[in-house]
Amino acid sequence: ILGDVLGIDEYCVMLVHDGELVIQAAHGFSEDVKNVRFRLNEGISGRVAATGEAVLINDVSKDKDFLYYKGAKKNIGSFISVPLKGSNGESIGVLNAHRPEKNAFKKNDMDFFMVVAEDIAVAVEKARLLEKTKENASRDELTKLYNRRFFFEYLGKEIKRASRYYKVFSLVMMDLDHFKIYNDSL
């Protein structure tokens, strides 16, 4: 849908993960490109993520900072990269798009991509919040250990799996004496 709306055949969404930009969604790319990572401030995408400023390059062959997805992609004429900013204003990633023709993007394209990037950033934040909520619901807040709810959910899945594949499994339970002392020391 994004490609149809934006009128582009090749684009990707890169998100910041452990100080690197990682491609999380892509269209029109080969599998080689999907494994490319950039450090913040590395190449155009890394710079956009670090500074929060969008970049439009009409001819990438004239830009020494453009890394061609570290050699995995060559037929890029024009390139646009816009930051994905979280609700706190910090960059959570970038939206990159390119076309094989030079001078293929105009100023109004940049404005449109910025609006789309805002919507993507909101969706990413909501997805991350949902994941965090699910994780918090299955772990003890103090010890960060899995809780009773997680145990019974996981146990049910394992029982079904063992039944489906005609396998057996074992369950070991322990009772730790005086665990409250450990909890109270945290």
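Predicted model: local features only at pLDDT ≥ 70, side-chain atom pairs only at ≥ 80, totals over all residues.

Which residue takes a positive phi in the hairpin of E1 and E2? I checked, and Asp18 is the one, with phi near 55°. That hairpin has 2 residues between the strands.

**Confidence**

The chain averages 87, and 96% of the residues reach 70 or more.

Next I traced the strands. There are 6 in an open sheet, ordered E3-E2-E1-E6-E5-E4, and the pairing is antiparallel. E3 (37-39) and E4 sit at the edges, each pairing on one side only. Neighbouring strands of this sheet are turned by 20° against each other on average, with direction ignored.

I started with E1 (residues 10-17). Strand E1 is mostly covered, with 6 of its 8 residues buried. Toward E2 (residues 20-27), E1 makes 7 antiparallel bridges, and I found Val13 partnered with Ala25 there. Toward E6, E1 pairs over 6 bridges, again antiparallel. One partner couple I clicked on was Leu15 with Gly93 in E6.

Then E5. How many of the residues of E5 are buried? I get 7 of the 8, so E5 is largely enclosed by the rest of the structure. On one side, 8 bridges join E5 to E6 (residues 91-99), running antiparallel. Here Phe79 stands opposite His98, and Ile80 stands opposite Ala97. E4 (residues 55-57) is also joined to E5, by 3 bridges and antiparallel. Ile80 turns up again in that pairing, with Leu56 opposite.

E5 and E6 also make a hairpin, with 5 residues between them. I looked at the turn: Gly89 has a positive phi of about 90°.

As a rule, most residues other than glycine have a negative phi.

- Asn103 is not a glycine, yet its phi is positive at about 55°. I located Asn103 in the loop between E6 and helix H4 (107-137). Asn103 is partly exposed, at 47% relative accessible area.
- Tyr166 is not a glycine either, and has a positive phi of about 55°. Tyr166 belongs to the loop between H5 and H6. With 77% relative accessibility, Tyr166 counts as exposed.

**Salt bridges**

I counted 9 salt bridges and went through some of them.

Lys107 and Asp111 pair up with their closest N and O atoms 3.3 Å apart. Both residues lie in helix H4, 4 residues apart, about one turn of the helix. Lys107 is exposed at 59% relative accessible area, while Asp111 is partly exposed at 41%.

Arg161 and Glu158 meet at 2.9 Å, N to O. They are 3 residues apart in helix H5, so about one helical turn separates them. Buried or exposed, which is Glu158? I read 19% relative accessibility, so Glu158 counts as buried, the cut-off being under 20%. Arg161, at 41%, is partly exposed.

Glu42 and Arg39 form another salt bridge, at 3.7 Å from N to O. Glu42 counts as buried as well, with 16% relative accessibility.

I also noted a network of salt bridges linking Asp59, Lys62 and Lys102.

**A nonpolar patch**

Last stop was the surface. Which residues form a nonpolar patch there? I found Ile159, Phe169, Leu171 and Met173, with about 420 Å² of accessible area together. I followed up on Leu171, which is found in the loop between helix H5 (148-164) and helix H6 (179-185). Leu171 is partly exposed, at 47% relative accessible area.

Technical notes:
Residues numbered from 1 in each chain as written. Heavy atoms only, no water. Patch = residues over 30% accessible without salt bridge, like charges linked within 9 Å, V, L, I, M, F, W, Y side chains within 5 Å. Areas by Shrake-Rupley, 256 points an atom, 1.4 Å probe, with all protein chains shown as cover. Salt bridge = Lys/Arg side-chain N within 4 Å of Asp/Glu carboxyl O. Buried < 20%, exposed > 50% of the residue type's maximum accessible area, 1.4 Å probe, protein only. pLDDT = per-residue confidence, 0-100. Pairing = 2+ DSSP bridges. Axes fitted to C-alpha atoms, helices over the stretch in contact; angles between N-to-C directions.
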